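These are my notebook entries on one model.

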Amino acid sequence: ILHDVDASYLGTGMATVRFRLQCNRHDYDFVVFADDWERRQYDPATHTRVDTTHEAVAVARSPTARMRKEANEGPRKPRVSLVDGGESELTLAVTWSSSRGDDASPAVRWWREDASGVRTGDVSVTNATTSRFVREDMCGAPATSSGYRDAGLVHHAVLTGIDRSTDRFIGYELIDALGGFYPPTGERVSVPPPAGAAPVASRDGEVKPFTVAMFADMGRGTDDDAVTWHEYGSPAFNTSRFLSLDAAAGSIDAAFLFGDVSYAVGYQSVWDDFFEMITPWAAKIPFLVCPGNHEYDYTRSAWIGRRDGDPSIADRYGGADSGGECGVPTRHLLPGPEPANNPLVSGAWIATLGPIALVSMNTEVDFRVGSAQWSYLRDILASIDREKTPWVLFAGHRPGLVDSDWGKSCRGVDDATYVPRAYACGPKKPAKIDGNDDIRDASDVGVALEFQA
């Protein structure tokens, strides 16, 4: 890899490589390996990575690059979401990370603002709950082996008492009892109006439509010489940059990333870098997600066998797309609007945002007729008031039509009969269904949209 970054390396034995270091609760050092063992991990027969870390031969190691203690250990990476707070409407919540536990009293200090940024109410302090996930919570390698890295403490504060009918903007800061404070100039989040609310004025006073940014398959980007991430890097980095501009300008009111979120696939450090990348916009607008195969999928036996594995919400496909994560980092790091009283619909939820009812399904969990997810989605779709929310946007990660040359069936699924295979993956071109003459060609399908008036 060194000669790919710096062409002079082959002639001089010296190379200059740039790395963007983030405050991820640890210091850094740099290791040079004898050959590209990371590239050799990829198995082209199965399209998975095989953990070959034990084959790596280190030939040089740098002195430790020490990060500034206060910034490295304190609160960072805030992301705003909507959660079931036990009120009639979903309420705002803030999630962030640090290396400090409950003894540091992590909290959010927040207040109401008008469109011009003037504070209009008293300052409130909401204490956070703190959790963490560890190696034993996940399913397998590399998440439990070479990819494992302490994710730190995850703090979550639900901002109860916000009236989404009248409160338009909330200013906030992350604080703790050890002097932690982030960001230095405070942050500001746009409050989404409830179902049926009239259009509201934007920050410049103009009445504007409610806007949700929807996208999938994002990944972690970079602008340094970390060539591992170039496959997803530039698109993810550019997408995040433009979302940051839109969020700062008040052009978007929420974001929904429906699956394949960070592409960490078992390497925890990628989640940290991903959150550093998205913080400029995810701290300003509600950020909602549902899991995709690269967050959720792993062998079913490992899914059920881990310490809190429930077969009702286990992955149905097999394979190793999540790198052993089994949805654990996503659930802890990006809590969302899942109903608090129904733990069997992980990744499925409804959020009403002004004129929009946003509905998520988890395509990696059983959604056959009669399943817990199918019943939940049937009920919430039937309950939508189309007078208040005329727009219903329904999304899940795994598409019904796929233009792909990665094969017609999924590993880990019985391929002896047609029906299980069709449920699990679907053939490339759907088979004709009795009573339905609409045989849709899946060729060249990027995004499939269907509209119903």
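I counted 11 helices and 18 strands in the protein; both are DSSP runs numbered from the N terminus, helices (H or I) of at least four residues and strands (E) of at least two. The model is predicted, so I kept local features to pLDDT of at least 70 and side-chain atom pairs to pLDDT 80 or more, while totals for chains, interfaces and linings use all residues. Residues are numbered from 1 along each chain as its sequence is written, and side-chain values use heavy atoms, with hydrogens and water left out.

Of the 453 residues, 46% count as buried (under 20% relative accessible area; exposed is over 50%, partly exposed in between; 1.4 Å probe, protein chains only).

Salt bridges.
I found 20 salt bridges (a side-chain nitrogen of Lys or Arg within 4 Å of a carboxyl oxygen of Asp or Glu). Asp225 and Arg18 meet in one of them, at 3.3 Å, N to O. This pair links distant parts of the chain, 207 residues apart: Asp225 is in the loop between strand E13 (212-215) and helix H5 (230-249), Arg18 in the loop between H2 and E1. I noted Asp225 as buried at 17% relative accessibility, and Arg18 as partly exposed at 46%.

Next I looked up Lys77 and Asp272, whose side chains form a salt bridge at 4.0 Å, N to O. Lys77 lies in strand E5 (residues 76-83) and Asp272 in helix H6, so this pair ties together parts 195 residues apart in sequence. Lys77 is buried at 2% relative accessible area, and Asp272 is buried at 2%.

Aromatic rings.
I listed eight aromatic pairs (ring centres of Phe, Tyr and Trp, its six-membered ring, within 6.5 Å; planes under 30 degrees apart are stacked, over 60 edge-to-face, the rest tilted). Trp271 and Phe274 pair edge-to-face, 6.1 Å centre to centre with 85° between the planes. Both lie in helix H6 (residues 268-282), three residues apart, about one turn of the helix. Trp271 and Phe274 are buried. Phe215, Trp281 and Phe287 make up one aromatic cluster.

Which ring lies under the charged end of Arg79? I found the ring of Phe275, its centre 3.9 Å away (the criterion is NZ of Lys or CZ of Arg within 6 Å of the ring centre and within 35 degrees of the ring normal). Arg241 likewise lies over the face of Phe242, at 4.7 Å from the ring centre.
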